[in-house]
Amino acid sequence: MIETLFVVNTRHSNPKEPTRRYVLPSPIQENSVIDPKKAQNIAISLRALNVTMEEVCEALSEGNADALGAELLESLLKMAPTNEEEHRLKEYKDDSPFKLGPAEKFLKAVLHIPFAFKRVDAMLYIANFDSEVEYIKKSFETLEFNHPRSPKLEI
């Protein structure tokens, strides 16, 4: 019934056997390793952060948090693939009939590094450690100032 709304009859059609030509294109079966919207967001983030795949992989391999910075590390954590996406990326073969997009290529390269996203999490902790300690010290100083009779806390 709904097909009749999107079908055009040709001029030379026989009324008993109408030849139909579909106006809407047939849906193309798309093979993508990760969600297309997520892939687009990752690609946009990578362009905005102005960092190459090689720089990220090298810094992750060496554990160099300073090379990437806290902002980039936070972005990398948000890019982490799901278990299913990770499995599909690891199983992807270069001779596959479809090609990976830039975001998928990036994630595949990062996943070649053992425990890549656990490393990102640890490196983010390292990158934020000094500022967190300073924040805690200031909080203790505030507490000591507001409660002078309390025992002195040594940091």
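This is a predicted model: local features need pLDDT of at least 70, side-chain atom pairs count only at pLDDT 80 or more; totals for chains, interfaces and linings use all residues.
Local features need pLDDT of at least 70, side-chain atom pairs count only at pLDDT 80 or more, and totals for chains, interfaces and linings use all residues. Residues are numbered from 1 along each chain as its sequence is written, and side-chain values use heavy atoms, with hydrogens and water left out.

**View 1. A patch of negative charge sits on the surface.** Here Glu54, Glu55, Glu58 and Glu62 come together. Glu55 belongs to helix α2, residues 53-62 (helices are DSSP runs of H or I, at least four residues, numbered from the N terminus).

**View 2. Tyr125, Ile126 and Phe129 make a nonpolar surface patch.** The patch covers about 360 Å² (Shrake-Rupley method, 1.4 Å probe; nonpolar side chains joined within 5 Å). Look for Phe129 in helix α6, residues 116-146.

**View 3. Helix α5 (residues 102-111) is mostly covered.** Eight of its ten residues are buried, meaning under 20% relative accessible area with protein chains only as cover. Among them are Phe106, Leu107 and Val110. Their cover includes α1 (36-49), α2, α3 (65-79), α4 (83-91) and α6.

**View 4. Ala39 of helix α1 is the focus here.** Ala39 counts as buried, at 15% relative accessibility. Beyond its neighbours within four places in sequence, Ala39 is in contact (heavy atoms within 4.5 Å) with Ile34 and Ala103.

Definitions and conventions: Patches are made of residues with over 30% relative accessible area and no salt bridge: like charges are joined within 9 Å, nonpolar side chains (Val, Leu, Ile, Met, Phe, Trp, Tyr) within 5 Å. A salt bridge is a side-chain nitrogen of Lys or Arg within 4 Å of a carboxyl oxygen of Asp or Glu. Lys and Arg count as positive and Asp and Glu as negative; His and the chain ends are not counted. The place of a charge is taken as NZ of Lys, CZ of Arg, CG of Asp or CD of Glu. Helices (H or I, at least four residues) and strands (E, at least two) are DSSP runs, numbered from the N terminus. Buried means under 20% relative accessible area, exposed over 50%, partly exposed in between (1.4 Å probe, protein chains only).
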